[in-house]
Amino acid sequence: LDREEESEFAAFVHARSAVLYRTAVLLTGSRDAADDLVQGTLERVCRHWRRARVADSPEAYARRVLVNLANDRWRGLRRRREVVLELDPTETADPFGTLHERDALVRELHRLPQGMRTVLVLRYFEDLADESIADLLGITPATVRSQAARGLAKLREEVRRASVR
Amino acid sequence: VHPSAEQEPFEGELALAMTEYADRQPVPVYDPSAFTPQRGRHDGWALAASVTALAAIGAGLLWAFSGSPSTPVSPATHPPTAKPPTATARATPPPTKADPPQLTTLRALVTAALRDQAPATRPTVDLAAVRRLFPDSQTYQQVWGAHGDGVSCGANADGAVSADGTTVLFFHGSDQLPQQASFRFSADGTKLVGVRCAPAAARLSPHDLTLFSFLGAQVEAPPGGRVAMPCGQHTSTTWFAFDPGTESATQGWQITLDGTGESWFSLTPQGISGTCDS
């Protein structure tokens, strides 16, 4: 990278790494795994910065790398039958109980199959349109809608069960 | 299309839950310079004529990362009775696919170099086999250096890790060495044709510390005593972790100890776990 490209990349890291990290936390349910994913993503984005900077947007390029790495990680965990998706504990005070309920929702989110979870994170956290999600994941918009509908149904069911208990 | 304005209450609650959860996570600070090559520190590929020259200064370039011992231990202090492991530990079955030739070549080179650098394991190194990893004697001599120190960029190492089968980070005990080596291979991956040394680009996360500190403890006893390997009494002198099965820094790495006894360990923040199958 020349100096201008290095400067662009540095600005990108400063501006976007937090967003990438938060997405990674939601995709993995683990701060450590998210940190690994973001480091791997930034390393690859840097290596291909000349391509990334002329893509639709470097952020979209990085998001695609991040999602691919998350899927690779998931496949590795499945292959080795070591699925560890425990949420990191948080120490935040919760005087009103709402955080507890929402944390429960996120816990259920992390119990969803990887494909559904990824679609929901991209849809409701990244606020991406279904067509953009489909393009990013290499699936059809119809599949995105199907995965989202099934994921939401599962979440609703789990939340309903939890409220009955 | 997903118009946010048309979200049902449950979907809105889910979006809020994600946002609140993600916003509560402390975000690490990422240093852009950790991912960009150091300008002007080295240029291009160079066979190890230059690498070997680093040997004289290699020992002085050791640096320590946070939480690790700051004083490197001379290989002369390693237990002289170390033997290759006799049992294999498997936490999970190893990959069924054969290693690509490039990885096989790299593993043979790195493990031989680390063994040649440790007096306890030096007699086990087959230099003729090492020579066959190179296309000609000149390349061998240039890259190998003295007792394999050219492979580790002139420094003395007893541990190494490679995630991509090309670039290798080196360790002495649990201290990372300042230089990393990137290797070039013949088209079929069976020969080493060059090495390039550069300041180590990898920045170690706390998760990484588990891998490096724990394996470093195999060759450098911590104050509380040695951490036992899962299969028997063997204390490793050298280690090479490579080909991770996952993106995690602490799980799924394949590890070769002392150049033999290929094992498959599961690494967790609590240490190595595995079961012996022989």
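This is a predicted model: local features need pLDDT of at least 70, side-chain atom pairs count only at pLDDT 80 or more; totals for chains, interfaces and linings use all residues.
Residues are numbered from 1 along each chain as its sequence is written, and chains are lettered from A, with ligands numbered from 1, in the order in which they are written.

Chain A contains 8 helices and 0 strands, where helices (H or I, at least four residues) and strands (E, at least two) are DSSP runs numbered from the N terminus. Its pattern along the sequence is accordingly written α-α-α-α-α-α-α-α. Of the 165 residues in chain A, 48% are buried; the term buried denotes a relative accessible area under 20%, exposed over 50% and partly exposed in between (1.4 Å probe, protein chains only). Contacts are defined by heavy atoms within 4.5 Å. Among those in chain A that join residues at least 6 apart in sequence, 63% connect residues at least 24 apart.

Two packed helices are described by the angle between their axes and the distance between the axes. For α1(A) and α6(A), the angle is about 145° and the axes are 9 Å apart. Axes are lines fitted to C-alpha atoms, for helices over the stretch in contact, and angles run from 0 to 180 degrees between N-to-C directions. The crossing of α1(A) and α6(A) is right-handed; a crossing is given this name if the near helix is turned clockwise from the far one by less than a right angle, and is left-handed if anticlockwise. On the side of α1(A), the contact involves R22(A), T23(A), L26(A), L27(A) and T28(A), which meet Q114(A), R117(A), T118(A), V121(A) and F125(A) in α6(A). By class, this contact of α1(A) with α6(A) comprises 4 nonpolar, 4 polar and 2 charged residues. Ala, Val, Leu, Ile, Met, Phe, Trp, Tyr, Cys and Pro count as nonpolar, Asp, Glu, Lys and Arg as charged, and the others, Gly among them, as polar.

Over all chains, 7 aromatic pairs are present. Rings of Phe, Tyr and Trp (its six-membered ring) pair if their centres lie within 6.5 Å; planes under 30 degrees apart are stacked, over 60 edge-to-face and the rest tilted. The pair of F12(A) and W49(A) is tilted, because the ring centres are 5.5 Å apart and the planes stand at 50°. Since F12(A) belongs to helix α1 (residues 3–28) and W49(A) to helix α3 (residues 49–54) of chain A, the pair ties together parts 37 residues apart in sequence. F12(A) is buried at 7% relative accessibility, and W49(A) is buried at 3%. Ring pairs also link F9(A), F12(A), W49(A) and F35(B) into a cluster.

R63(A) lies in helix α4 (residues 58–79) and E126(A) in the loop between α6 (114–125) and α7 (130–137) of chain A, 63 residues apart. In chain B, D116(B) and R122(B) meet in a salt bridge at 3.9 Å, N to O; D116(B) is buried at 5% relative accessible area, whereas R122(B) is partly exposed at 29%.

Notes
Side-chain values use heavy atoms; hydrogens and water are left out. A salt bridge is a side-chain nitrogen of Lys or Arg within 4 Å of a carboxyl oxygen of Asp or Glu.
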